[in-house]
Amino acid sequence: MPESTPFDPSAIGARSTPKRVSWTARDSMLYALGVGAGTDDLAFTTNNTKGVEQRMVPTMPVTLGVDFSVLKTAGRFDWAKLLHAEQRVEILGEIPVDGEAEAVTEITEMWDKGKAALVVAQTTGTSLDGTPLWRSSAGLFIRGVGGWGGERGPASPTRAPSPTGPVKTISYRTRPDQALLYRLSGDYNPLHSDPSFAVRAGMDSPILHGLCTFGFAGRAVLEVAGRECTLTSMKARFAGPVWPGDTLDVDVAQCDDATVSFSVRGRDAKEVLTDGIATLG
């Protein structure tokens, strides 16, 4: 049988089995280290610093409860041909650094790109008393499964309002083992650790998780907006690969009191994250 066949659009609305997810203060600290936080970020990286209350890096919910097995309801495909194209996270309630929730992943959109498909898989996390806590949406570009005759989808992404202030650039140097550290938060895709799988996927060596770059960008947004701010939503498109050890230059601009735009440049100043929009509380 072929590895991939055109997807069945009737899979829109398919939901994963609800599952209980839990995380600890240690998990919150490990995620923070995975997205480059360190000794200058003790609220995120420690839980017993005098006078400092531990906080969760607000992009961490992208790691909680995601169940991409729901994609199997759409059809057969080669996982090596799946690329993470875009990501959105919304913080719907107060998420503790140590907690428990129920998560469900649902296919909410499927667009026919001809030889590929763009599928949006949305994960919603709800506290055990029924309070919505977060919603994360992953746009997944999958080669070899288009061609069912569906709509191509929106031609361009939502644009941020025009900046009202100067662009500020925050630079971070990633570690050579950054992907190995980040994967301990639960994303064990071998594209980021297995050299042979990376070659099969068309890369010369394992690349950094797009969601790791997304987390670095979230830190930069808070650094520019002020660490007393809270992030209520954040979205961006993945435009190119990052290799562990690369420097990330995050360009952040204030659009209004509650909105900032951002983009990230990687190796050779090429954009690796584009069309970034974050809203602040």
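Reply: Helices and strands here are DSSP runs, numbered from the N terminus: a helix is H or I over at least four residues, and a strand is E over at least two. The model is predicted, so local features need pLDDT of at least 70 and side-chain atom pairs count only at pLDDT 80 or more, while totals for chains, interfaces and linings use all residues. Residues are numbered from 1 along each chain as its sequence is written, and side-chain values use heavy atoms, without hydrogens and water.

Ala-269 lies in the loop between strand 9 (259–265) and strand 10. Ala-269 is not a glycine, yet its phi is positive, about 65°. Strand 10 itself contains Asp-275, another residue that is not a glycine but has a positive phi, about 55°.

Strands pair if DSSP finds at least two bridges between them. Strand 10 (residues 271–280) runs antiparallel to strand 7, and six bridges join them. At one place in this pairing, Leu-231 faces Leu-280 of strand 10. Strand 7 (residues 231–238) also pairs with strand 2 (residues 82–91), again in the antiparallel sense, over five bridges. There, Arg-88 has Lys-235 of strand 7 as its bridge partner.

Next comes helix 1. Buried means under 20% relative accessible area, exposed over 50%, and partly exposed in between (1.4 Å probe, protein chains only). Helix 1 (residues 25–34) is largely enclosed by the rest of the structure, because seven of its 10 residues are buried. They are Ala-25, Ser-28, Met-29, Leu-30, Tyr-31, Ala-32 and Gly-34. These residues pack against strand 1 (19–23), helix 2 (42–45), helix 3 (178–182) and helix 5, where contact means heavy atoms within 4.5 Å. After helix 1 comes Gly-36, with a positive phi near 90°.

Helix 5 (residues 210–225) also gives three residues, the largest share, to the lining of the largest cavity. A cavity is a set of points on a 1 Å grid over the protein atoms alone where a 1.4 Å probe fits but cannot get out, and its lining residues have an atom within 4 Å of a point. Points are joined across faces, edges and corners, and the volume is the space filled by probe spheres set on them. There is one cavity of 30 Å³ or more, and the largest cavity holds about 70 Å³. Its lining consists of Asp-41, Phe-44, Tyr-172, Arg-219, Leu-222, Glu-223 and Arg-227. Three of the lining residues are nonpolar, none is polar and four are charged. In this lining, Phe, Tyr and Leu count as nonpolar, and Asp, Arg and Glu as charged.

Rings of Phe, Tyr and Trp (its six-membered ring) pair if their centres lie within 6.5 Å; planes under 30 degrees apart are stacked, over 60 edge-to-face, and the rest tilted. The structure holds five such pairs. Trp-23 and Trp-134 make an edge-to-face pair, 5.9 Å from centre to centre with 80° between the planes. This pair links distant parts of the chain, since Trp-23 is in strand 1 and Trp-134 is in strand 5 (residues 132–143), 111 residues apart. Trp-23 is buried at 1% relative accessible area, and Trp-134 is buried at 0%. Phe-77 and Trp-79 form a tilted pair, because their planes lie at 50°, with the ring centres 4.5 Å apart. Phe-77 is buried at 9%, whereas Trp-79 is partly exposed at 40%. Together with Phe-7, Phe-77 and Trp-79 form one aromatic cluster.

Definitions and conventions. On a 1 Å grid over the protein atoms alone, a cavity is a set of points where a 1.4 Å probe fits but cannot get out, and a pocket is an open set with protein on both sides within 12 Å along at least five of seven lines; lining residues have an atom within 4 Å of a point.
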